Amino acid sequence: MKYTFLISAATLLLISCSKTGDVPAIPQLPERYKDEIFTNVLITNNIKYGQALRYTGSGTEDLMLDLYQPEADTESSRPLVIGVHGGAFITGDKQAANWPEVCKAFAKRGYVAASINYRLGRAAGEEYEPAWRAQQDLRAAIRFARANATAIKINSSKIYIMGSSAGGATCLITAYMDAAEAPASVNQAIWGNIEGSSGSPGYSSAVSGVVSMWGGVSDTLGITGPIPVGLLHSFYDPTAPYQSQYDPVRNVTTYGSFSINARARNTGIVTDLKTYYYNGHDDGLYPPYLDSTIKFSANFLYPFAK
C-alpha cells in the first residue's frame, strides 16, 4: 500500500507541475571533450619537435611546441588538438593571441593540446613557399605526437588541428592538399616534398578534423575527402575575405570560410560555419568573442573526439 501511495503522490506532483508549466529540468552533467571538467592544466613549454632549413635557405632552426594536459587525468587515450598561430607567415608565436587560453580550455575539457611555432619568413619573390614550409612543420608536429603517443597519452586516431589566419590556411592545406596539388613554383629540390623533413619521419601526418579561423585557400576544389571542417570568420573581415577576393597584383583569388563551407557541403564533408560581424580580423581570439570561438570549436569537434 505504501508503494502505491508513493507512486500516486509522484504522479500528482508531475500533473501539478505540468499544469503550472514548472516541470523541473533534468540537470545535465558536464561531458568530457565538450565541457570543462578539469580545474588545473599541466603546461610543458618549449618541447623540441623538429628542426628544419631556415627560410633564407641557409642554416636550420629548432621547432618548438608547448604542451597542455589536464592535471590528474587518469585517461590514457585522449584526443589531441594542435593550435597554429597566425601572422601572415612572417610574424606570430605559439604563446601570442590568446593561444595559451585556447589550449588550456581544451585541456580542461579532457584533450591534450599543443601550440606550435613554425618557420616564419618570406624571401624575395616567394609566393607559396612560406605556406609550404608551415604545413611541413605542422605535419612534423603531428608525426611527433604519434611518435610519442604513449608518453603524452593520446589516441593517434584522434588528432585535430586548428589555426587562425595564416595558421588556419596552414591547417586547411595540411588536411586537404595532396602531393599532386603542390604549387609548381615551390622548388621541392630545396624545400622538400609535401611531408618535408622537419622531424619524426615514418609516422603518418593524417588528421581527423580541422578548425580554421578566418583562414583561406587559393582553390576550393582541393577541399575533398571525409575530413570534417569547422570554420569561423567575420563577414566584415578587412584582411582575409569572408567569401572570396581577387588580387590583380598577385593574380590570385583567395577563398574564405563562406566559400570553403559551401564547397564542403556540396561534396558531403561534415562542416559548420560561425559568422561574426565585427570589423577586425583576429578579434575572435579576444574578448568578448574568445569564449564563443572556443565553445564553437569544442562543440564542432566533440562528436568526433568523444
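Helix α5 gives the most to the lining of the largest pocket, with 5 residues. Helices (H or I, at least four residues) and strands (E, at least two) are DSSP runs, numbered from the N terminus. A pocket is an open set of points on a 1 Å grid over the protein atoms alone, where a 1.4 Å probe fits, with protein on both sides within 12 Å along at least five of seven lines. Lining residues have an atom within 4 Å of a point. The model is predicted; local features need pLDDT of at least 70 and side-chain atom pairs count only at pLDDT 80 or more, whereas totals for chains, interfaces and linings use all residues. Residues are numbered from 1 along each chain as its sequence is written, and side-chain values use heavy atoms, with hydrogens and water left out.

The largest pocket holds about 1000 Å³ of space. This volume is the space filled by probe spheres set on the grid points, which are joined across faces, edges and corners. The lining counts 38 residues. Nearest the pocket centre lie A169, G216, V217, S218 and T254. At least two lining residues come from each of α3 (129-147), α5 (166-176), β8 and β9. By class, 20 lining residues are nonpolar, 12 polar and 6 charged. Here Ala, Val, Leu, Ile, Met, Phe, Trp, Tyr, Cys and Pro count as nonpolar, Asp, Glu, Lys and Arg as charged, and the others, Gly among them, as polar.

Two of these lining helices also cross. The axes of α3 and α5 come within 9 Å, at an angle of roughly 70°. Axes are lines fitted to C-alpha atoms, for helices over the stretch in contact, and angles run from 0 to 180 degrees between N-to-C directions. The two helices, α3 and α5, are therefore roughly perpendicular. That label covers 65 to 115 degrees; under 35 counts as roughly parallel, over 145 as roughly antiparallel, and the rest as oblique. The crossing of α3 past α5 is right-handed, meaning that the near helix is turned clockwise from the far one by less than a right angle.

The lining strands β8 (residues 244-247) and β9 (residues 252-255) run antiparallel and are joined by 4 bridges. Strands pair if DSSP finds at least two bridges between them. S244 stands opposite Y255 in β9. The hairpin has 4 residues between its strands, and N251 takes a positive phi near 60°.

An open sheet has 8 strands in the order β1-β2-β4-β3-β5-β6-β7-β10, with mixed pairing. β1 (41-53) and β10 stand at the edges with a single partner strand each, so one side of each lacks a neighbour in the sheet. Neighbouring strands are turned by 20° against each other on average, direction ignored. Within the sheet, β5 (residues 154-164) and β6 (residues 209-213) run parallel, joined by 5 bridges. I161 has V210 in β6 as its bridge partner.

Elsewhere, α2 (residues 99-108) packs against α8 (residues 290-305) at about 45°, with axes 11 Å apart. That angle makes α2 oblique to α8. Their crossing is right-handed.

Two loops show backbone features. F89, in the loop between β3 (78-84) and α2, has a positive phi of about 65° although it is not a glycine. The peptide bond from P287 to P288 is cis, with omega near 5°. P288 lies in the loop between β10 (271-276) and α8.
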